[in-house]
Amino acid sequence: MTDFLTTWGSTPLAILKWVLLGLLLTSSRIWNNSRLATGMFLGLLLVGLGFLFKVEHWTGGDAFIIGGPLVVMLTYGLWFRAKSQPELLDYLKLAWVLAAMSTVETTSLFRPLIKPLAGIAEALFWAVALLYVYQRWIHRPVPESE
């Protein structure tokens with residue numbers, strides 16, 4: 001747990017991570033599709049409930065923690081599959097979602113994999129965030145004139 005607080009605590013770098021994560025989430029078009037948004041919300045809700053159950057030592061927390069990430073991965077996979085021409089950023093986001101949700105699942109399944117998967121998810125997050133910022137604000141394509 002201290003690794004989580006160290007990584008996602010209140011340091012300036014962590015605040016930057018939260019801002020970038022918010023930008024990534026709010027700019028995604030997945031929220032425009034009500035079915036996919038419902039699936040994503042349901043999966044994230046199950047993850048939150050699972051951790052609440054684990055903290056309170058109630059039974060069933062592991063099932064929520066295993067099921068929630070599966071729902072998120074399935075929903076995002078369907079969203080990715082529906083894209084007509086995925087770009088590099090789309091592939092990176094897919095890899096990041098899969099790595100992050102796999103990290104969440106390992107909290108219940110196989111704890112020794114948490115650190116390696118979290119490291120992969122962290123590296124993918126920064127790749128996604130930096131490419132997103134570059135494409136969105138630094139290197140804007142010049143519209144072709146007619």
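Me: Leaving aside neighbours within four places in sequence, with which residues is Val71 in contact?
Reply: In this predicted model, Val71 belongs to helix α4, which spans residues 61-82. With neighbours within four places in sequence set aside, the residues in contact with Val71 are Gly39, Gly43 and Leu46.

Me: How far apart in space are the C-alpha atoms of Val71 and Gly39?
Reply: Val71 and Gly39 are in contact. Along the sequence they are 32 residues apart, whereas their C-alpha to C-alpha distance is 6.7 Å.

Me: Is Val71 buried, partly exposed or exposed?
Reply: Buried requires under 20% relative accessible area, and exposed requires over 50%. Because Val71 has 25% relative accessibility, its class is partly exposed.

Me: Which class of accessibility applies to Leu45?
Reply: Leu45 is placed in helix α3, residues 34-55. Its relative accessibility is 40%, so the class of Leu45 is partly exposed.

Me: How far apart are the end C-alpha atoms of residues 36-53?
Reply: The unreviewed UniProt entry annotates residues 36-53 as a "transmembrane region", along with 6-24, 59-79 and 116-134. In the model, residues 36-53 are 100% helix and 0% strand. The end C-alpha atoms of that span are separated by 25 Å.

Me: What is the corresponding distance between the end C-alpha atoms for residues 116-134?
Reply: Residues 116-134 also carry the UniProt "transmembrane region" annotation in the unreviewed entry. The chain there is 100% helix and 0% strand, with an end-to-end C-alpha distance of 27 Å.

Me: Is Thr106 buried or exposed?
Reply: Thr106 lies in helix α5, residues 88-106. Beyond its neighbours within four places in sequence, Thr106 contacts Arg111, Leu113, Ile114 and Leu117. Since its relative accessibility is 7%, Thr106 counts as buried.

Me: Which residue supplies the backbone oxygen reached by the side chain of Thr106?
Reply: The side chain of Thr106 comes to 2.6 Å from a backbone oxygen. The residue supplying that oxygen is Thr103.

Me: How many helices does the protein have?
Reply: Read along the sequence, the pattern is α-α-α-α-α-α. There are zero strands, and the number of helices is six.

Note on methods. Residues are numbered from 1 along each chain as its sequence is written. This is a predicted model: local features need pLDDT of at least 70, side-chain atom pairs count only at pLDDT 80 or more; totals for chains, interfaces and linings use all residues. Side-chain values use heavy atoms; hydrogens and water are left out. Helices (H or I, at least four residues) and strands (E, at least two) are DSSP runs, numbered from the N terminus. Buried means under 20% relative accessible area, exposed over 50%, partly exposed in between (1.4 Å probe, protein chains only). UniProt positions are given in the numbering used here, feature names are shortened, and annotations may be inferred rather than shown by experiment. A polar contact is a pair of N or O atoms within 3.5 Å; within protein, one must be able to donate a hydrogen and the other to accept it, and residues adjacent in sequence count only if both atoms are side-chain atoms. Contact means heavy atoms within 4.5 Å.
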